[in-house]
Amino acid sequence: MRSNGPIERDLAGSAVSGGDAGGAVGDAREAEFQALIEADQRIEPRDWMPDAYRKTLIRQIAQHAHSEIIGMQPEGNWITRAPSLRRKAILMAKVQDEAGHGLYLYCAAETLGVDRSELIDLLHQGRQKYSSIFNYPTLTYADVGAIGWLVDGAAITNQIPLCRCSFGPYARAMVRVCKEESFHQRQGFELLYALSHGTPEQHEMAQDAVNRWWWPSLEMLGPPDTESTHSAQSMAWGIKRFSNDELRQRFVDMVAPQAVVLDLVPPDPALRWNEERGHYDFGPCDFEELRRVVSGDGPCNRQRAAHHLKAHEDGAWVRAAAAAYAAKHAASAAA
Amino acid sequence: MVAGAAAVSTLRIADDCLVLSHRLAQWSSWAPTLEDDIALTNIALDLLGQARAMYARTAELDGTGRSEDDYAFMRDERAFVNCLLVEQENGDFATTILRQLLCSTYQLAQWQALTTSTDGQVAAIAAKAVKETEYHRDHATDWTLRLGDGTDESHQRMESALAALWPFTAELFESDDVSRDAAGLGVGPDPEDLRAAWDAYITRVLDDATLVVPKVSWKPTGGRQGLHTEAFGYMLAEMQHLHRSFPGVTW
Ligand SMILES: [Fe+2]
Ligand SMILES: [Fe+2]
């Protein structure tokens, strides 16, 4: 059932700050909510929550769900050309996992009073986004490895703290997702390792993929803290635990030593261990590029959107048939 | 006796599974619902696993010691011995579902018979495959009912799918020297013997789905001898290209 209430109008908008419960009753609920957050307790769907909290979560969970689904496309691009049956099985299972992640997340969003079809409409209208990273093309099989190692790696960095998110259904979905993501990152690392230690041509293929996916993966963790619009409020609400730049540093600290094991060189001359900081230093991201891709002008934005829309429209008669069949049989069961 | 009848009979099954798996995998990110995207990939993964197990057994039976990838990627069209039905293009969701119904019902009967194969390894593979294929058939059955008895459009599409695919079902039950010898050795069933169970199930489901089997005189055949449809060549070209571009490497 499609609802067209005020929530729907605001879904696409960005978070507004602060709660909006008016009056004394509102204040008491607000205080209770705030106390739960401060005690690091989980908010459940039936609990009272400020509208802005609800809207922020719907926006974030929907965007996350859309990312899982759109993320099936770049890797799915290689399923029919996988170079061995073993790789084919791994890739199919991985892409299927991403579909499953999308499903858990749409379900988590639905606990907030929206439904999947509404969210998908908003995606098609361009009013909700998905991760910018999936707007890059996969040009060789090594890209499957680079995506697993770097993109799933960045996703894990981002998602592990979300397992402690203040909203229960989102936190629980993330626990399931994170378990599978570690398999995704491992298979990517293992593929790149095999290529890097294979023939010179395979090594070059792996290096080329890392050259192309390195920076977009760092950028996928979001704009720098100085420009991040939603961060402060999300931190206060226990939705976000670390800033974008903190997550980026964690990610680089994880993958930089792994690159050495892979015998592949990240395309960043400034990348080096900083003894004093206890972290890797790295060069500046091209956030202008990120902005361009997020706003719709990446290499594959149009293609990804058109693909998803076509699949959805091509399937409309199937969903209609399922609904008609269910209605007929519900009617005959009731008769 | 045909030389290597047992190996040819296991290869036929492996090729059926691989080709059908590949066709289903082409649905990834294109299915009408997220749930069905997951289901079709699940089925494709099961079939791929069945193919790999049967290639491994074939390599022992034919004594060539070929790898699963040799079978999948290094043979040309004329060497593939899958039936024509599995290689038919996906078409719309109705076509894919009907192909699934026809294939999985056949494969289930085949795996059930293979559980008593005199080849212990084949029997073990079959025991696992029976459980998987029961689910494949249930999935196809559920959707056949919904689409056949859903809307006018879905009914129409199922009828078109039946008209397109039904002719290819005759080949499934053809016996030849290979299948008769394999049956004689107790390795596998003679396809002829799978017909009754298949007919009974398909007739019942199509009937429940308000669908009528078309009368057709055309009975295309040749897959078991490596005579395929044109579309199959494109499928193989795409599937094999990368593997063949880097001869002898490990992935
Ligand atoms: Fe995922
Ligand atoms: Fe993943």
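Residues are numbered from 1 along each chain as its sequence is written, and chains are lettered from A in the order in which they are written. Because this is a predicted model, local features need pLDDT of at least 70 and side-chain atom pairs count only at pLDDT 80 or more, while totals for chains, interfaces and linings use all residues; side-chain values use heavy atoms, without hydrogens or water.

**View 1. Chain B is built from helices.** Welcome to chain B, with ten helices and zero strands; helices are DSSP runs of H or I with at least four residues, strands are runs of E with at least two, and both are numbered from the N terminus. The C-alpha atoms fill a box of roughly 55 × 40 × 35 Å along the principal axes. Of the 251 residues in chain B, 61% are buried (buried means under 20% relative accessible area with a 1.4 Å probe, protein chains only). Take the contacts in chain B between residues at least 6 apart in sequence: 80% of them join residues at least 24 apart (a contact means heavy atoms within 4.5 Å).

**View 2. Tyr53(A) sits in the largest nonpolar core.** This core has 167 residues; a nonpolar core is a set of buried Ala, Val, Leu, Ile, Met, Phe, Trp, Tyr and Cys residues joined through side-chain atoms within 4.5 Å. Tyr53(A), Phe167(A), Trp111(B) and Leu147(B) have the most contacts inside it. Which residues does Tyr53(A) contact, leaving aside neighbours within four places in sequence? Among them are Phe33(A), Ile37(A), Phe167(A) and Trp237(A). In soluble globular proteins, nonpolar side chains tend to be buried together.

**View 3. Ser196(A) lies in helix α8 of chain A.** Helix α8 covers residues 168-196. Is Ser196(A) buried or exposed? Ser196(A) counts as buried because its relative accessibility is 5%. Not counting residues up to four places away in sequence, Ser196(A) touches His203(A), Ala206(A), Leu262(A), Asp263(A) and Leu264(A). Trp149(A) is 47 residues from Ser196(A) in sequence, and their C-alpha atoms are 13 Å apart.

**View 4**

Helix α13(A) gives the most to the lining, with four residues.

Terms used. Buried < 20%, exposed > 50% of the residue type's maximum accessible area, 1.4 Å probe, protein only.
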